[in-house]
Amino acid sequence: HEVKNIDKYAGNITGVDVQGADDNKVVTNATVILENIKVDSDDIVKVIFSNTNIAPTEGAEGWLPYTEDMKTPWVLDTSDGNGDKVVYAWIMDEAGNISDKAFEIKLVLKTKLIGGINNKARLMIAGIDRNFSIMS
């Protein structure tokens with residue numbers, strides 16, 4: 001017997017919204033909410049996100065059940081501080097096929113630095129009630 005129509009195509013992500021991002025994709029918090037994940041296939045069962053562009057395997061940790069109205073928090077990589085960030089996303093279909101390429105969610109992280117708070121407020125946040133000044 002000849003086998004035909006083997007499903008090897010998982011489809012791809014066509015869009016992801018980031019809650020709170022402005023029109024320029026600027027976010028002010030390293031934890032973002034990813035939502036409205038749009039796909040071009042109707043048999044998608046899982047989605048996975050990563051801060052690196054290394055394609056996942058079917059058995060990788062981190063796969064989430066996919067639903068059209070899902071919202072999921074994601075923590076951006078802050079090891080290099082503020083600036084350009086990319087979250088990579090892949091989908092998996094019912095047959096276990098994974099999208100061929102990652103969907104890239106490009107953001108600009110602009111966190112508010114603690115420098116805008118006076119020194120006493122910084123210590124109070126840390127549980128210490130003292131005034132001090134920093135001399136350079």
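Me: Why is Glu-104 called partly exposed?
Reply: Its relative accessibility is 37%. Buried means under 20% relative accessible area, exposed over 50%, and partly exposed in between (1.4 Å probe, protein chains only), so Glu-104 counts as partly exposed. This is a predicted model, in which local features need pLDDT of at least 70 and side-chain atom pairs count only at pLDDT 80 or more, while totals for chains, interfaces and linings use all residues. Residues are numbered from 1 along each chain as its sequence is written, and side-chain values use heavy atoms, with hydrogens and water left out.

Me: What makes Glu-104 and Lys-106 a salt bridge?
Reply: Their closest N and O atoms are 3.6 Å apart. A salt bridge requires a side-chain nitrogen of Lys or Arg within 4 Å of a carboxyl oxygen of Asp or Glu, so the contact between Glu-104 and Lys-106 qualifies.

Me: How do you know whether Glu-35 and Lys-71 are buried or exposed?
Reply: Glu-35 has a relative accessible area of 13%, so it is buried. Lys-71 has 54%, so it is exposed. The two side chains also meet in a salt bridge at 3.6 Å, N to O.

Me: Why is the pair of Phe-49 and Trp-74 called tilted?
Reply: The ring centres lie 6.2 Å apart and the planes stand at 50°. Rings of Phe, Tyr and Trp (its six-membered ring) pair if their centres lie within 6.5 Å; planes under 30 degrees apart count as stacked, over 60 as edge-to-face and the rest as tilted. The rings of Phe-49 and Trp-74 therefore form a tilted pair.
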